[in-house]
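Thanks for making the time this morning. I would like to walk you through one chain, going from the overall picture to a few individual sites, so please have the view open as we go.

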Amino acid sequence: MNKGLIISYIAGRYSIEYNDQIYYGTVRGKLKNDIIPKVGDIAEFTILNDNNIIIEDIDERINDLIRPNICNIDQAFIIFSVKEPDLNLNLLDKFLVNLEYNNIKPIIIFNKWDLNDDDNILKIINYYKEIGYHTLITSTIEKDELIYKEIKELIKNKRSVFTGQSGVGKSSILNVLDPTLFLDTNEISIALGRGKHTTRTVSLLKINDGYVADTPGFGTIDFSEMDEVSIADNFVEFFNYKKECKYNGCLHLNEPGCMVKKKVEDGIILKSRYDNYLSFINDLRKDKKNDNRSLNPINKKRRFKK
């Protein structure tokens with residue numbers, strides 16, 4: 001049976017790369033467990049004629065994301081502009097928790113640095129770097145060749161996803177990395193304070209011997225598959241201080257002797273990180289209550305950096 005990588009899904013047809021050729025086709029009936037193939041899947045298929053194929057099955061997935069709708073990703077470049085739109089730390093932390101939970105390496109790109117006029121932004125960037133995240137500062141106007149060379153090296157031989165809000169410059173960065181892509185870009189909407197959607201489908205692009213997905217921008221992400229402990233443990237610095245909390249299973253809310261809260265008070269943990277954590281817990285509790293589900297179901301995943 002032939003096996004290839006699904007690189008796009010448009011208008012009901014899948015594109016599969018196999019032996020440096022592109023094949024197009026659909027799915028034969030229902031696959032095992034009613035799984036619907038998606039971009040990033042390794043698909044088993046039968047070749048019919050004229051590069052047309054039928055997908056018979058897909059391999060087990062390493063990871064599986066819903067927003068963006070892609071699977072089997074090694075790393076995610078999460079792109080945030082420092083201005084136009086303004087840096088959204090709440091959404092950044094949502095991305096980070098979600099990626100940690102799915103065992104996908106996050107790489108943070110702070111874009112549009114040429115527009116920055118806030119000295120506090122660099123302190124925030126340095127904080128994320130200090131807690132272990134690979135961070136990069138970019139501008140597609142004032143191009144730093146060394147930074148873009150580093151991004152290319154990070155992409156090499158990996159499957160990556162470029163994701164973030166609309167208007168932060170995902171497609172613009174990809175166009176700098178490979179000018180032959182000619183990806184659509186658009187200006188920020190002044191009235192709405194966010195970008196217009198220029199990427200409308202998820203597809204894998206070949207860049208420097210790696211695959212990169214330029215995904216549609218979005219501003220929402222939820223924790224429907226997670227519980228409270230999972231959210232807490234996937235804040236990397238919370239997890240590292242957890243063993244110093246007075247009580248096992250501390251959720252860093254109202255428990256006495258909580259080391260995480262002390263580090264926030266001492267200015268060691270960024271206050272916005274803790275405030276975002278509280279908002280995520282509150283949102284989860286509201287969602288669970290509305291869904292009549294337990295607040296503490298059995299965890300599917302914990303932090304993997306033990």
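This is a predicted model: local features need pLDDT of at least 70, side-chain atom pairs count only at pLDDT 80 or more; totals for chains, interfaces and linings use all residues.

Let me begin with a question: of the 306 residues of the chain, what percentage count as buried? The figure is 50%, where buried means under 20% relative accessible area, exposed means over 50%, and partly exposed is in between, with a 1.4 Å probe and protein chains only. Residues are numbered from 1 along each chain as its sequence is written, and side-chain values use heavy atoms, with hydrogens and water left out.

Among contacts between residues at least 6 apart in sequence, 66% join residues at least 24 apart, a contact meaning heavy atoms within 4.5 Å. The chain exposes about 15700 Å², of which carbon and sulfur atoms supply 48%; the areas come from the Shrake-Rupley method with a 1.4 Å probe, and for residues only the protein chains shown count as cover.

Let me turn to helix H4, residues 170-177, which is largely enclosed by the rest of the structure because 6 of its 8 residues are buried. Those buried residues are Lys170, Ser171, Ile173, Leu174, Asn175 and Leu177, and they pack against elements that include helix H3 (145-155), strand E8 (75-81) and strand E9 (105-111). Strands E11, E14 (203-207) and E15 (210-214) are also among their packing partners.

How many cavities of 30 Å³ or more does the count come to? The count comes to 1, a cavity being a set of points, on a 1 Å grid over the protein atoms alone, where a 1.4 Å probe fits but cannot get out, whereas a pocket is an open set with protein on both sides within 12 Å along at least five of seven lines, and lining residues have an atom within 4 Å of a point. Grid points are joined across faces, edges and corners, and a volume is the space filled by probe spheres set on the points. The largest cavity holds about 50 Å³ of space, and its lining includes Leu65, Arg67, Phe95, Asn98 and Val161. Helix H1 (89-101) and strand E11 (159-164) each supply at least two of the lining residues, and H1 gives the largest share, with 3 residues. By type, this lining divides into 7 nonpolar, 2 polar and 1 charged, where Ala, Val, Leu, Ile, Met, Phe, Trp, Tyr, Cys and Pro count as nonpolar, Asp, Glu, Lys and Arg as charged, and the others, Gly among them, as polar.

H1 also contributes to the second largest pocket, where H1 and E6 each supply at least two lining residues. That pocket has a volume of about 210 Å³ and is lined by 13 residues, of which Ile66, Asn98, Asp222, Ser224 and Glu225 lie nearest its centre. Its lining divides into 6 nonpolar, 3 polar and 4 charged.

Still in H1, is Glu100 buried or exposed? Glu100, which is found in helix H1, counts as buried because its relative accessibility is 0%. Its side chain is joined to that of Tyr133 by a polar contact of 2.9 Å, meaning a pair of N or O atoms within 3.5 Å, of which, within protein, one must be able to donate a hydrogen and the other to accept it, and residues adjacent in sequence count only if both atoms are side-chain atoms.

Another buried polar residue deserves a look. Asn63 sits in the loop between strand E5 (52-58) and strand E6 (64-65) and counts as buried at 6% relative accessibility. A polar atom of the Asn63 side chain lies 3.0 Å from the backbone nitrogen of Asn72, and one lies 2.9 Å from the backbone oxygen of Ile73.

To finish, Ile124 in helix H2 (residues 119-130) is buried, with a relative accessible area of 10%. Leaving aside neighbours within four places in sequence, Ile124 is in contact with Leu89 and Leu270.

Note on methods
Helices (H or I, at least four residues) and strands (E, at least two) are DSSP runs, numbered from the N terminus.
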